[in-house]
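This note is written for a colleague meeting the structure for the first time. The points below are numbered so that each can be read beside the sequence and the coordinates.

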Amino acid sequence: MKIIILGAGQVGGTLAEHLAREENDITVVDTDGERLRELHTKLDIRTVVGPGSYPMVLRQAGCEDADMLIAVTSQDEVNMIACQVAHTLFRTPTKIARVRATAYLTRKGLFAHEAVPIDVLISPEQVVTDHIRRLIEHPGALQVLEFAGGLVQLVAVKAFYGGPLVGQELGFLRRHMPSVDTRVAAIYRRNRPIIPRGDTTIEADDEVFFIAARRDIRAVMSELRRVDRDFRRVMIAGGGNIGERLAEHLEHSHQVKIIEHGIERCTVLSERLDRTVVLHGSATNKRLLEEENIDECDIFCALTNDDEVNIMSSMLAKRMGAKKVLTLINNAAYVDLVQGGEIDIAISPQQATIGSLLTHVRRGDIVNVHSLRRGAAEAIEAIAHGDMQSSKVVGRAIGEIDLPRGTTIGAIVRGKEVLIAHDNVVVESGDHVILFVIDKRRIRDVERLFQVGLTFF
């Protein structure tokens, strides 16, 4: 595909990296020539210096015959105008824009073909908030992903010494839990992927990705690790968009405190939030944390826009007795450095957002993409179409499908029914098929499986 990305920041740069690896024709536009030079030396892409909303700059970037425009600059207005220009002057088929301000997002009918023609709206703050919310709802999980409208979840947990399944073969799981159907999609051991088979043995410290119906997730987690009690007391550092949205979502079911250093922002938060306690101060202030009983806190979420403040406040909170700490980190290089030590969960907003963008870049009827393991793996939800003649998956049992190397089918959703993928399950047209791909180089092969028609022959 010929794709133009506006904005070479964290999200734009990460997306260019993902898509360039998959042999797409990528052009990145930004006003920062230095940043573009950095990307150009690292990736096989074209770059154009200039404001992304200018018609001349879009023409220079090749908008006349582009398949897709992805506007992810830091300014909502630039992203919106760029989509309007691309639609009016160049008839670009697909336009995706990052829009952050709720003032735009809450206006019905604004983003329509006859108004501001944006095909897909991405709100990174909402994506990250949902990601954190799911982790708070599943204590002990490293990652929780939803498919088929939440009917199925893919959960990553770390297997601990003493867990019932540690030291056991995967085949034992079904015998041990006959009433719960689940499948282990992948195991990461010392950062290396293992494709699970019935005789694969789970070891302590393995990162295990398993898939199950939403109702069965807690039961499976309890087999792999000690069950953490539900989080009740939540402390949030940072009252920005993400902090506010998270507090808003949790305040009626949890005890929530939010620490914000800006006095004006504190006033706004106290007016908008009903039950959340809003505190004015710094999250790295030891005395403030002490006064607010950090040692009784179930989870401390550091969500400011400053990585160093997030890391330092999280480490301080953990040492002072917070049971769990979750840290938002923009610099991808820091994420692997800090997670697993005093910081329990490190979240990269770019990786959380990338999946939403990749969903619309994938070929075939792909309705959901989640980027995993810093982009090394992907979980994909694809819809099967056609019949035995036109499709490589419809009418075939899972055991007969010629899956690309390193790919596993985890589950199938048929209507409201969740079928965990066993070799004898037959795929029907209209099924939502959830796959785990550990080798990104195989993505194109996976897409071809779900494309219908003569292109197969």
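1. The model is a predicted one. An unreviewed UniProt entry places the feature "domain: RCK N-terminal" at residues 1–122 and 231–347.

2. Lys95 belongs to strand S5, which covers residues 94–98. Although a lysine, Lys95 has a relative accessible area of 1% and is therefore buried, the cut-off being under 20%. Leaving out residues up to four places away in sequence, Lys95 touches Leu69, Cys83, Ala86, His87, Pro117, Ile118, Asp119 and Val120.

3. Most residues other than glycine have a negative phi. Is Ala148 buried or exposed? At 15% relative accessibility, Ala148 counts as buried.

4. The aromatic rings form two pairs under the criterion applied. In one of them, the ring centres of Tyr188 and Phe209 are 5.9 Å apart and the planes meet at 70°; because an angle over 60 degrees counts as edge-to-face, the pair is placed in that class. This pair links distant parts of the chain, with Tyr188 in strand S9 (residues 182–189) and Phe209 in strand S11 (residues 207–213), 21 residues apart. Tyr188 is buried at 5% relative accessibility, and Phe209 is buried at 1%.

5. What class of pair do the rings of Phe209 and Phe436 form? Their centres are 5.2 Å apart and their planes stand at 55°, so the pair is tilted. The two residues again come from distant parts of the chain: Phe209 is in strand S11 and Phe436 in strand S22 (residues 432–437), 227 residues apart. Phe436 is buried, as is Phe209. Through these ring pairs, Tyr188, Phe209 and Phe436 are linked into a cluster.

6. The model contains two cavities of 30 Å³ or more. The second largest cavity holds about 30 Å³ of space. Its lining consists of Leu135, His138, Pro139, Gly140, Ala141, Phe231, Ile299, Lys324 and Ile345. By class, six of these lining residues are nonpolar, two are polar and one is charged.

7. The second largest pocket has a volume of about 910 Å³. Its lining is made up of 47 residues, and those nearest the centre are Arg98, Arg100, Glu125, Asn305 and Asn330. Which elements give two or more residues to this lining? They are helix H1 (10–21), strand S2 (25–30), helix H6 (124–137), helix H9 (241–250), strand S13 (255–260) and helix H14 (349–358). The lining of the second largest pocket divides into 16 nonpolar, 23 polar and eight charged residues.

8. Helix H1 includes Thr14. The relative accessible area of Thr14 is 16%, so this residue counts as buried under the cut-off of 20%. Apart from neighbours within four places in sequence, Thr14 is in contact with Gly9, Gln350, Gln351 and Ile354.

9. Helix H9 includes Leu246. Leu246 is buried, with a relative accessible area of 1%. When residues up to four places away in sequence are not counted, Leu246 touches Thr129, Ile132, Arg133, Ile136, Ile236, Cys301 and Leu303. How far apart are Leu246 and Pro117 in sequence and in space? They are separated by 129 residues in sequence and, C-alpha to C-alpha, by 30 Å in space.

Conventions:
Residues numbered from 1 in each chain as written. Predicted model: local features only at pLDDT ≥ 70, side-chain atom pairs only at ≥ 80, totals over all residues. Heavy atoms only, no water. Phe/Tyr/Trp six-rings, centres within 6.5 Å; stacked < 30°, edge-to-face > 60°. Helix = DSSP H or I, 4+ residues; strand = E, 2+ residues; numbered from the N terminus. Buried < 20%, exposed > 50% of the residue type's maximum accessible area, 1.4 Å probe, protein only. 1 Å grid on protein atoms, 1.4 Å probe; cavity = no way out; pocket = protein on both sides within 12 Å on 5 of 7 lines; lining within 4 Å. Points joined across faces, edges and corners; volume = space filled by probe spheres on them. Nonpolar A, V, L, I, M, F, W, Y, C, P; charged D, E, K, R; others polar. UniProt positions renumbered as here; feature names shortened; annotations may be inferred. Contact = heavy atoms within 4.5 Å.
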